[in-house]
Every structure is written in structure tokens, then in C-alpha cells.
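Good morning, and thank you for making time for this item.

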Amino acid sequence: MLQQLDHLPDGLLDTEPGDLLSFLGSPTLIHLQGKRQPSLFVSILLHGNETTGWEAMRRLLKQYQNTSLPRGLSLFIGNVSAAASNKRFLPTQADYNRVWEGDTGPEQQMMQQIIREMRERTVFASIDIHNNTGKNPHYACVNQTDNRHLHLATLFSRTVVYFIRPRGVQSMAFGEFCPAVTLECGQAGVQAGTEHVIEYVNAVLHLSEFPSHPINHQDIDLYHTVATVKIPSHYTFGFDTDSHDIVLDQQLERLNFCELKPGTHFCNVRETSEIPLDIQDEDGNRVTELYFSMHDRKINTRRECVPAMLTLDTEVIRQDCLCYLMERYPLIR
């Protein structure tokens with residue numbers, strides 16, 4: 001059940017991520033007043049083990065304990081149950097960042113309640129804060145490429161990813177009525193990521209409006225997610241061992257945000273008659289053979305592409321995906 005507050009409870013900002021469940025009891029939406037309206041919406045801990053958002057927001061809010069916020073702030077503290085176990089989400093739960101459309105389950109119904117509440121209040125902008133499990137640069141994601149969304153994104157990083165799959169993410173839902181971004185802030189627990197988020201959110205709180213001029217193509221590296229790479233559940237995988245169907249390299253993360261030429265080695269496989277990967281494009285079509293070829297137990301790229309979110313975390317690979325494939329996306333004016 002969602003609880004809503006209009007203040008910061010005493011002691012909240014001193015609470016560690018793993019203790020938020022015992023402190024708050026449930027996912028919590030906190031509305032704080034500021035000098036300007038409408039409020040900025042910030043969501044954190046949609047994945048319970050991605051803690052940079054909470055570390056940044058509690059440090060930022062401590063800076064304003066004795067003074068007014070530059071702008072109103074609505075802070076959604078999400079999956080506190082998973083945070084208590086340091087997990088992305090629990091086996092009994094849906095992924096909190098895949099349930100922002102539809103209303104068939106309790107998580108979807110909670111997110112629809114938040115959307116209705118914030119639509120009624122109106123929102124200046126929406127920021128959803130995440131970490132990567134693999135080694136990636138700091139970057140922002142958008143689901144629309146109009147100027148307001150891109151200005152909000154490039155304020156965080158010149159590296160921006162545009163995607164429309166997967167569905168059900170927070171930024172896609174809020175992007176229907178305000179500029180919205182997802183921040184990918186590197187790995188959890190890294191101080192540089194926390195500092196970057198504090199600086200960014202503080203800057204957005206101080207904005208009076210978004211620039212009306214278009215983004216200069218020289219100020220942005222814009223990518224488009226064109227496919228999702230998953231490992232079907234009936235295949236086993238591992239690192240540097242021939243005992244699995246798919247053998248991944250321990251240095252796989254080094255390929256994140258690298259432009260791979262056709263013929264680049266991606267992974268090895270045991271004897272199989274088909275490529276043991278499920279690659280789907282934005283429309284859900286299987287496009288495995290469009291992006292990869294297989295010869296002599298090696299899987300190589302068939303066309304130029306840029307992977308992102310490659311990770312060595314086997315649990316995340318099973319729960320989410322092995323990676324996303326991207327292409328450069330031109331700004332057309």
C-alpha cells in the first residue's frame with residue numbers, strides 16, 4: 001500500500017537504504033513545498049539494490065533542512081522491501097520499473113495512483129534515478145525526443161539513450177505529461193555517482209523553465225535502443241567455462257557503449273543448431289540473425305551496433321536481459 005506524507009519524518013534522512021522498510025513500512029510518496037511550483041517529481045529505489053538515488057536525495061535534502069527548497073519536490077521512495085534484502089526486486093514482486101502501465105496487479109495499481117496524483121498536482125519534470133550493475137558511463141534515457149526532454153537529459157550527460165522498449169517504465173508514463181528522464185548513474189556505492197546526482201537534481205530544482213531552442217547536435221551523443229538481447233531460460237550460461245551452453249567473457253563489460261564493427265566476437269557456444277540468444281526489436285519481432293552470426297562455436301556481430309548494460313551479474317541477466325543494442329540516432333531539424 002502506498003502512503004503519502006507532506007513532510008520528512010524525523011530521522012528519515014539518517015536512515016540507510018536497507019532500513020527504510022522498517023522506518024517507513026511501505027512505498028512512500030512525500031510532497032515537500034518549495035519557492036516555485038509545479039513540483040519536481042523524483043523516484044528512487046524502484047530497484048531495491050540501486051541505492052545512489054536515496055544516498056543523493058537524503059544528502060541533498062539535508063542541505064535544505066533550514067531553508068526552503070527552490071521548487072516543490074515530490075519524492076517517491078519505491079521498493080523498500082527489496083532494498084531491505086539488497087535485491088532488484090523480490091521473487092514475490094513484479095519489477096517496479098515495468099509496472100507503470102496497466103492496472104492488473106497491486107504494483108500496477110499503486111503506480112496508477114501515483115500517476116493520477118501527480119497529474120492532478122501537475123509536474124515540472126520527472127527524474128527516475130537508477131544504477132547499472134555493469135560498467136557503463138553515466139547517461140540519461142528519454143522516451144521522447146522533443147526539446148524539453150532532451151534539454152533535461154543533457155543537463156545530466158551529453159550521452160543520451162532514446163528507447164520505447166521495454167514498456168511500463170516510469171519515465172515513459174510521466175513523459176506523457178511532463179519532461180521525463182531516467183538517470184543511469186554507474187554502479188551503486190560509488191561516490192562519483194552520488195555527487196553527480198546531487199548536482200543534477202539541485203540544478204533542475206533551480207530551473208525556472210526549459211530552454212525553447214533546439215539541442216545543438218554538437219552537444220549530444222544520442223543513441224537509439226533498437227533491440228533487446230535475452231538468454232532463453234532453457235539455455236545455461238556462465239563465464240570462462242565450457243560447461244555451459246553459452247560462454248561469456250569475463251571482460252564483456254568493456255564492450256558497453258563501444259561501436260562494434262561487423263565480425264566482432266561476442267561470445268562462445270556449445271554445439272547448437274541455432275544461435276542461443278533471443279533478440280527482439282522495438283516491435284517484438286525476433287531479429288537474432290539480423291545482428292549476430294554463428295560459426296565454429298563463436299557468435300559474432302553481423303552488423304554495426306553499440307551494446308549497453310552488459311553485466312557480469314547473472315541474476316540481473318536472468319531477471320532483465322543480457323544487454324540492449326543501440327545505434328546512433330541523428331537529430332533531424
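Contact, in what follows, means heavy atoms within 4.5 Å. Please also bear in mind that this is a predicted model.

Let me begin with I127. Setting aside neighbours within four places in sequence, I127 is in contact with L40, F41, V42, S43, V181, L183, Y200, V201 and V204. I127 also belongs, with I77 and V201, to the residues that have the most contacts inside the largest nonpolar core, a set of 48 residues. Helix α7, residues 191-206, gives the most to this core, contributing 6 residues. There is also a second, separate core of 28 residues, which includes L255, I275, I317 and L325.

I turn now to strand β5, which covers residues 123-130. How many of its residues are buried? The count is 8 of 8, and the strand is accordingly described as mostly covered. Strand β3, residues 34-44, pairs with β5 in the parallel sense over 5 bridges. Within that pairing, V42 has I127 as its bridge partner in β5. Strand β8, residues 180-184, pairs with β5 as well, again in the parallel sense and over 5 bridges. Here I129 stands opposite L183 in β8.

Next, the aromatic residues. The structure holds 10 aromatic pairs. In one of them, F41 and F174 are stacked, at 4.4 Å centre to centre and with 25° between the planes. F41 lies in strand β3 and F174 in helix α6, residues 170-174, so this pair ties together parts that are 133 residues apart in sequence. F41 and F174 are both buried. Another pair is formed by F124 and F210, whose ring centres are 4.9 Å apart and whose planes meet at 15°, so this pair is stacked too. What does this second pair tie together? F124 lies in strand β5 and F210 in the loop between α7 and β9 (221-230), so the parts brought together are 86 residues apart in sequence. F124 and F210 are buried.

A brief word on a histidine. H151 is found in helix α5, residues 147-154. Is H151 buried or exposed? Its relative accessible area is 12%, and the cut-off for buried is under 20%, so H151 counts as buried. Leaving out neighbours within four places in sequence, H151 is in contact with P211, H213, P214 and I215. As for P211, its C-alpha atom is separated from that of H151 by 7.3 Å, although the two residues are 60 residues apart along the chain.

N268 has K298 as its bridge partner in β15.

Thank you; I am glad to take questions.

Conventions: Residues numbered from 1 in each chain as written. Predicted model: local features only at pLDDT ≥ 70, side-chain atom pairs only at ≥ 80, totals over all residues. Heavy atoms only, no water. Pairing = 2+ DSSP bridges. Helix = DSSP H or I, 4+ residues; strand = E, 2+ residues; numbered from the N terminus. Core = buried A, V, L, I, M, F, W, Y, C linked by side-chain atoms within 4.5 Å. Buried < 20%, exposed > 50% of the residue type's maximum accessible area, 1.4 Å probe, protein only. Phe/Tyr/Trp six-rings, centres within 6.5 Å; stacked < 30°, edge-to-face > 60°.
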